[in-house]
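Subject: Structure handover

Hi,

Here is the structure I said I would pass on.

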Amino acid sequence: MWQYDAPLRDMRYVIEDLLGLPAQWAAMPRFAELDADTARQVLDEAARFATEVLAPTNAAGDTEGCTWRDGEVRTPRGYREAYRAFVDGGWPALACDPEVGGQGLPAVLNAALYEMLAAANHAWSMYSGLLHGAYECLHRHGSPELKERYLGPIVRGEWLSTMCLTEAHSGSDLGLLKTRAEPQADGSYRLRGTKIFISGGDHDLTDNLVHLVLARLPDAPAGTKGLSLFLAPKILPDGTRNAVRCDGIEKKMGIKGSATCVMGFDGATGWRVGEPNRGLAAMFAMMNSARVQVALQGLAHADNAHRNALRYACERLQSLAPGAEGAAPHAIVHHPAMRRILMRQRVLVEAGRVMAYEAAALIDRADHATDADDRRLAHERAALLTPVLKAFLTDNGFALASEALQVFGGHGYVHEWGVEQCVRDSRIAMIYEGTNEIQAIDLLVRKVMADGGAAFDALLDAVEASVPAPARHRAAAADAVSRLRRATRALLDAARGDPELPYRVAGEFLRATGLVLVVQAWARAEAVSAAPAAAGDAFHLAKCEAARHCMDYVRPELGLALAMLDAGRAPLAPVRSFEPA
Ligand SMILES: Cc1cc2nc3c(=O)[nH]c(=O)nc-3n(C[C@H](O)[C@H](O)[C@H](O)COP(=O)(O)OP(=O)(O)OC[C@H]3O[C@@H](n4cnc5c(N)ncnc54)[C@H](O)[C@@H]3O)c2cc1C
């Protein structure tokens, strides 16, 4: 049956052996007292919470779902108790500033925590998941009064938050938002409008909720340059109910324990966060944090799907497997077709973890490195990597969950084995927080092309340099980098005469970038594991075998992505629709 075992050994491998993060922490005053042992204890405790408290609520929450009645949402059984345990354990405050009651631990440990939470119960993790983004947003852009009133309860997890962007006519295109904010004499605003698809818009986990709402001031310019950000609580400071209603929840494909709400703001009282008409910039503090979190959901689903598929493949006996020992029927894990699926999963999952934790470590450096240039560079790199992580890891999350279902055969298609829930739950991550198409355009058009490819080129330099000289797969990694570099230059040249080109090939460009990072991650892993593997260490031997599988079987996918990128130079036919005769 479906179960969650936290991949602690693999997490430590990435944090300690591959990325050497304890040395990085030692160089930053904020984390100077954190050592590898303490970090291990944090991960062990987080794993205990995820496996013992949260995972048991996952399947039941999927069956039961949320209920809405008279404007109030009830979460599935067990969610409230799990949330109480989460707060009592101090988990909301893990990576928040100690000055506002946080524990001041690195973002990378928070990333590992959220990977575990999403794997144990994605739907539940949606409620707590928005907390950190709201903290970032208020911490950076809130007025002293708003910080004073709201930061503490958010950091302690007493109040949860939402991100209210989407409206029925305005999804990817936030410039179309219509919700209005009228200034009041006392400095507050009255918000009027309807938001849809708001995760955790109402629920019974906390008494109060802090809605962060994008809206327009009366004299605001059209488009995204006319959006301002407001904080509107469910319960006002005087204890009365604000004019914010939950008008219903969606019936949906997956994450059924997460309430996806229609929210009506009917003259609700709010206060501005950040400058007028600069709401999107303030919201980006929240959205970037949320995007990394969504990337971790993709990783979490892929990892959990892989582990469950592997366990099943070791137990399920079918037919004679070529080359397998003992009498048939053999466990399906011996069939080459299944081995290919399982090994490809392992390669993409573990490289995805390297990518995600490295990006989280960059966020730590961007915030806490002592050298200003280092902080600026780390910030630039994290910004470039965020769309790659979000789209590449969530595409993989859904694709690898679907491949896991294939390993289960017909048993995977029926509810009781749990993998079909994983397929359904993982699908949304490709859509929310900016669809994966929007992420690809963000990467190529807004980030890579914005400076003629300079920052991306520097990123590729760093990727190439990260594989140590004697590494067995160094040449393969260098070749992958130089192919992407050539393709990027050719693309930027061709785009000068064909402005639509980047929009046609952005998805392939992002996929190619993700695959280069996968090759790099495994070249580094092989360099770290080669010596202990040669000495007979089974864990490290498995890493070397996976590295070889990456080079032989997954690296060729880069060729396909680059060929597709090239194919995108051809004009794209218009899609015509015909009335039936
Ligand atoms: C379960 C769930 C939870 C959600 N939670 C929240 C939340 O908490 N807060 C919130 O504000 N929103 C939330 N959303 C909304 C989500 O962020 C939007 O659904 C998403 O941004 C896409 O908007 P849309 O659905 O209107 O699709 P559209 O924008 O209509 O897009 C439809 C398709 O067209 C493509 N497309 C659109 N524009 C472009 C373009 N310029 N270039 C290329 N392709 C394009 C998209 O990629 C997509 O494939 C949630 C949605 C769901 C389903």
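**Strands, helices and spaces**

Starting with the strands: strand 4 (residues 180-183) runs antiparallel to strand 5 (residues 189-199), and 4 bridges join the pair. Keep in mind as you read that this is a predicted model. Across that pairing, alanine 181 sits opposite leucine 191 in strand 5. The hairpin of strand 4 and strand 5 has 5 residues between the strands, and glycine 187 there takes a positive phi near 90°.

Strand 5 has another partner too: it pairs with strand 9 (residues 260-273), again in the antiparallel sense, over 9 bridges. In this pairing glycine 193 faces phenylalanine 265 of strand 9.

Now the helices. How do the axes of helix 9 and helix 10 cross? They come within 8 Å of each other, at an angle of roughly 155°. Angles over 145 degrees count as roughly antiparallel, so that is what helix 9 is to helix 10. The contact between these two helices involves 21 nonpolar, 6 polar and 7 charged residues. As for handedness, helix 9 passes helix 10 in a left-handed crossing.

Next, the second largest pocket, which may be your kind of thing. It holds about 780 Å³ of space. Its lining runs to 31 residues, and Glu136, Arg140, Ser289, Ile363 and Asp367 are the ones nearest its centre. Which helix gives the largest share of that lining? Helix 6 does, with 9 residues. Helix 6 (107-141), helix 8 (279-315), helix 9 (336-368) and helix 10 (372-408) each contribute at least two lining residues. By class, the lining of this pocket splits into 16 nonpolar, 9 polar and 6 charged residues.

- The largest cavity contains about 70 Å³ of space. Residues lining it include Trp2, Asn58, His122, His301 and Asp425. Helix 6, helix 8 and helix 12 (419-427) are the elements that give two or more residues to that lining. Its residues divide into 5 nonpolar, 6 polar and 1 charged.
- The second largest cavity has about 60 Å³ of volume. Among the residues lining it are Asp10, Tyr13, Glu350, Arg353 and Trp522. Helix 1 (8-18), helix 9 and helix 16 (501-534) each supply at least two of the lining residues. This lining has 8 nonpolar and 3 charged residues, with no polar ones.

Cheers

Conventions
Residues numbered from 1 in each chain as written. Predicted model: local features only at pLDDT ≥ 70, side-chain atom pairs only at ≥ 80, totals over all residues. Heavy atoms only, no water. 1 Å grid on protein atoms, 1.4 Å probe; cavity = no way out; pocket = protein on both sides within 12 Å on 5 of 7 lines; lining within 4 Å. Points joined across faces, edges and corners; volume = space filled by probe spheres on them. Nonpolar A, V, L, I, M, F, W, Y, C, P; charged D, E, K, R; others polar. Pairing = 2+ DSSP bridges. Axes fitted to C-alpha atoms, helices over the stretch in contact; angles between N-to-C directions. Parallel < 35°, antiparallel > 145°, perpendicular 65-115°, else oblique. Left-handed = near helix turned anticlockwise from the far one by under 90°.
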